[in-house]
Amino acid sequence: MTAASKHGQKTEVGRGAVGRDPGLPPEQGLYSPSNEHDSCGVGFVVDMHNRKSHDIIAKGLEILINLDHRGAVGADPKAGDGCGILVQIPHRFFAAAALDFALPEPGEYAICPVFLPRNPEARAIVMALIEKTTADEGQIFLGWRDVPVDNRGLGESVKPTEPVIKQFFVGRGANAGKPGADHDVFERRLFILRKAISNGVYALRDPRMAGFYPVSLSSRTVVYKGLLLATQLADYFKDLRHPLFESALALVHQRFSTNTFPTWSLAHPYRMVAHNGEI
């Protein structure tokens with residue numbers, strides 16, 4: 001199933017407290033980066049019996065490539081408006097990964113892919129804030145993971161704004177419901193945590209934080225996205241090609257901006273759910 005729209009929701013982009021997104025021009029004349037929107041072509045594939053497999057990932061990526069006509073390409077033929085994929089957390093994949101911390105049982109931890117500033121000092125400040133805020137919100141900070149990427153295929157106009165991409169893992173805290181149950185309680189706590197982290201970074205009012213963006217934070221799903229063409233997603237994110245990277249659903253999105261500039265944060269705007277922006 002696929003759908004497409006021309007206009008979508010506003011997202012946390014270009015907020016003055018942090019400095020504008022490095023992919024956007026400065027405010028000028030009648031233009032303001034606060035008016036940037038998401039769009040445009042969406043599709044999904046699902047196993048109706050919730051059987052996780054890498055085949056679902058492969059089929060989702062195939063749908064994305066078939067939505068290539070819904071995306072835009074600029075003067076740089078390797079630069080577009082971005083795309084992404086939302087999947088269930090592939091527990092077997094992360095359990096087999098070389099993590100420097102113990103991974104809880106499925107449903108007892110969450111993953112947050114996060115775009116971090118390229119400036120090393122700013123990045124260290126954000127990472128420390130994330131760890132402290134997680135503890136302040138009563139959750140358990142487990143550790144960091146570098147997301148392996150291959151940026152050789154990126155357009156020359158895209159590489160200057162490429163963020164440092166990491167994932168941090170959060171264990172269920174005592175205020176997030178009973179272990180093995182109360183999953184909605186945990187999800188609500190994670191939503192609050194993501195907002196608290198974002199507000200903490202914005203409150204710094206430090207232009208060096210430009211490019212910071214929490215991609216998703218959930219104990220159920222995880223998002224891989226970027227300022228990529230539909231054909232580049234699987235080549236850029238090496239995780240997506242691993243046979244243990246499994247899911248029973250894959251939701252993909254190919255952006256076509258009719259009136260806004262492309263940025264890493266605006267690609268694939270769905271953290272939890274997808275909809276047609278014209279509804």
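Begin the tour with the salt bridges, of which the structure holds twelve; a salt bridge here is a side-chain nitrogen of Lys or Arg within 4 Å of a carboxyl oxygen of Asp or Glu. The model is a predicted one, in which local features need pLDDT of at least 70 and side-chain atom pairs count only at pLDDT 80 or more, while totals for chains, interfaces and linings use all residues. Residues are numbered from 1 along each chain as its sequence is written, and side-chain values use heavy atoms, with hydrogens and water left out.

**Salt bridges**

Select D55 and K59, whose side chains meet in a salt bridge with 3.1 Å from N to O. Both belong to helix α1 (residues 54–66), and because they are four residues apart there, about one helical turn separates them. Helices (H or I, at least four residues) and strands (E, at least two) are DSSP runs, numbered from the N terminus. For the surroundings of each residue, buried means under 20% relative accessible area, exposed means over 50%, and partly exposed lies in between, with a 1.4 Å probe and protein chains only. D55 is partly exposed, at a relative accessible area of 40%, and K59 is partly exposed as well, at 39%.

Next, select E246 and R92, which form a salt bridge whose closest N and O atoms are 2.7 Å apart. This pair links distant parts of the chain, since E246 sits in the loop between α5 (233–236) and β9 (249–254) and R92 in helix α2, 154 residues apart. Is E246 buried or exposed? With 15% relative accessibility, E246 counts as buried.

Now move to D206 and R208, where the side chains meet in a salt bridge of 2.7 Å from N to O. D206 counts as buried, at 14% relative accessibility, whereas R208, at 32%, counts as partly exposed.

**Two residues with positive phi**

Most residues other than glycine have a negative phi, and most peptide bonds are trans. Select R205, which has a positive phi of about 50 degrees although it is not a glycine. R205 lies in the loop between α4 and β7 (213–214), and it is exposed, with a relative accessible area of 62%. Then select D182, another residue other than glycine with a positive phi, here near 50 degrees. D182 is found in the loop between β6 and α4 (183–203), and at 34% relative accessibility it counts as partly exposed.

**Aromatic pairs**

How many aromatic pairs does the structure hold? The structure holds 15 of them. Rings of Phe, Tyr and Trp (its six-membered ring) pair if their centres lie within 6.5 Å; planes under 30 degrees apart count as stacked, over 60 as edge-to-face and the rest as tilted.

Select F101 and F169, a tilted pair with 5.2 Å centre to centre and 55 degrees between the planes. F101 lies in the loop between α2 (91–96) and β4 (109–116) and F169 in strand β6 (residues 164–171), so the pair ties together parts that are 68 residues apart in sequence. Both F101 and F169 are buried.

For a second pair, select W144 and F168: their ring centres are 5.4 Å apart and their planes stand at 65 degrees, so the pair is edge-to-face. This pair also links distant parts of the chain, with W144 in strand β5 (residues 140–146) and F168 in strand β6, 24 residues apart. W144 counts as buried at 17% relative accessibility, and F168 counts as buried at 1%.

To see how ring pairs join up, select F93, F94, F101, Y109, F115, F169, Y213, Y224, Y236, F237, F245 and W264, which ring pairs link into a cluster.

**The whole chain**

Finally, show the whole protein, which has five helices and nine strands; from the N terminus on, its elements run β-β-α-β-α-β-α-β-β-α-β-β-α-β. Of its 279 residues, 52% count as buried. A contact means heavy atoms within 4.5 Å, and among the contacts with a separation of 6 or more, residues 24 or more positions apart account for 80%.
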